[in-house]
Amino acid sequence: MKVLITGAASGIGYQLARVLAYLGHEVYAGCHKEKEILFQPSVPGITFISLDLLSLDDFSLFDEEHFDCVVCQAGIGHGGDVLSSLDSLKECFDTNVFGTFRLIQKYTDSLARTKKCGKILITSSLLGDFPVPYLGAYSSSKACLTHLSKVLRREMECTQKNIRVHLVLPGAYHTGFNQVMLEEIEDSFVRKRLEHIFMLLEKKETKTIVNKMVKVILNDSSQFVVSAPFFQSLSIRILRIFSF
């Protein structure tokens, strides 16, 4: 199987690439910046490529390669109050929503052209289901991504296209991503409080979500939503019930 993973320079995307390559699959690991490729170790089965979701030129990859599965893992996040960070809000939506769906559009076009089946995993976030103050730019873009993923799945079913869509909802993992967002929060009290919360919540290892993603990628699964860790996912559901 040939798999493209965006946002695979580090974190969940990188670990997913390693597991799939270890299992004998061909993986194209997208990195946002070319300099990120220079620091990647040589891993059999993984080809690191430059892939910026805001660069249409990078999408020409679909004119040359066929992928059995595309994992939309790339995303950005910003911290700060909503009214003072409208530029950050726009940047998050440009990358996380529009960039992701432009890539999906190119992929589905390539599948239609070659008349082949495919699979799409769209990584959103559990934060998209719960409004966290001072992380609104990130969480709202993920909420939009979650909703559009559900719409895309139903549209694929309506048109009877042989393309499976899966939604990935990771919880808090210690990849360094959350800390970058928190550093942008100017209010020191709020920042330290959120840092403490994430320190308590974050899982040190990403294998719970990675293993679930691998299972969906390699099997003919009808499961739509893939989420982990379990207790974080359960907690979000409970909080949504009792939040007003």
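The model is a predicted one, in which local features need pLDDT of at least 70 and side-chain atom pairs count only at pLDDT 80 or more, whereas totals for chains, interfaces and linings use all residues. Residues are numbered from 1 along each chain as its sequence is written, and side-chain values use heavy atoms, with hydrogens and water left out.

The description begins with the sheet. Helices (H or I, at least four residues) and strands (E, at least two residues) are taken as DSSP runs and numbered from the N terminus. Seven strands form an open sheet in the order β3-β2-β1-β4-β5-β6-β7, and their pairing is parallel. Two strands are said to pair if DSSP finds at least two bridges between them. At the edges stand β3 and β7, each of which pairs on one side only. On average, neighbouring strands of this sheet are turned by 20 degrees against each other, direction ignored; for such angles, axes are lines fitted to C-alpha atoms, for helices over the stretch in contact, and values run from 0 to 180 degrees between N-to-C directions.

Strand β1 can be followed to both of its partners. It is joined to β2 by four bridges, the two strands running parallel, and it pairs with β4, also in the parallel sense, over three bridges. Ile 5 illustrates both pairings: it stands opposite Ala 29 in β2, and its bridge partner in β4 is Val 71. Strand β2 is mostly covered, since five of its six residues are buried, where buried means under 20% relative accessible area, exposed means over 50%, and partly exposed lies in between (1.4 Å probe, protein chains only).

Helix α4 lies across β4, β5 and β6 (163-170) and runs at about 175 degrees to β5. Helix α5 also packs on the sheet, where it touches β5 and β6, and its direction makes about 160 degrees with that of β6.

Leaving aside neighbours within four places in sequence, Thr 100 is in contact (heavy atoms within 4.5 Å) with Leu 53, Cys 72, Ala 74, Thr 95, Ile 122 and Leu 145. Ser 110 belongs to α4, which spans residues 86-114, and is buried at 7% relative accessible area. Its side chain reaches the backbone oxygen of Tyr 107 at 2.6 Å.

The nonpolar residues come next. In soluble globular proteins, nonpolar side chains tend to be buried together. A nonpolar core is a set of buried Ala, Val, Leu, Ile, Met, Phe, Trp, Tyr and Cys residues joined through side-chain atoms within 4.5 Å. The largest one here has 29 residues, and those with the most contacts inside it are Ile 5, Leu 16, Val 71 and Ile 209. Two or more residues are given to this core by each of β1 (2-5), α1 (11-22), β2 (26-31), β3 (46-50), β4 (69-72), α8 (207-218) and β7 (225-228). Apart from it lies another core, of 28 residues, which includes Phe 67, Ala 74, Leu 145 and Leu 167. Val 71 touches, among others, Val 3, Leu 16, Leu 121, Met 213 and Ile 217, residues up to four places away in sequence not being counted.

Asp 129 is found between β5 (118-123) and α5 (136-158) and counts as partly exposed at 22% relative accessibility. Beyond its neighbours within four places in sequence, Asp 129 is in contact with Leu 169, Ile 236 and Arg 240. Its C-alpha atom is separated by 9.8 Å from that of Ser 233, 104 residues apart along the chain. Phe 39 lies in the loop between α2 (34-38) and β3 and is exposed, with a relative accessible area of 71%. The C-alpha atoms of Phe 39 and Ala 9, 30 residues apart in sequence, are 9.1 Å apart in space.

Finally, the cysteines may be considered. A disulfide is a pair of cysteine sulfur atoms within 2.5 Å, and by this rule the count is zero. The cysteine sulfur closest to that of Cys 92 is in Cys 144, at 12 Å, which is too far for a bond; Cys 92 is buried, with a relative accessible area of 0%. Cys 117 is in no disulfide, the nearest cysteine sulfur being that of Cys 69, 11 Å away. At 43% relative accessibility, Cys 117 counts as partly exposed.

Conventions:
A polar contact is a pair of N or O atoms within 3.5 Å; within protein, one must be able to donate a hydrogen and the other to accept it, and residues adjacent in sequence count only if both atoms are side-chain atoms.
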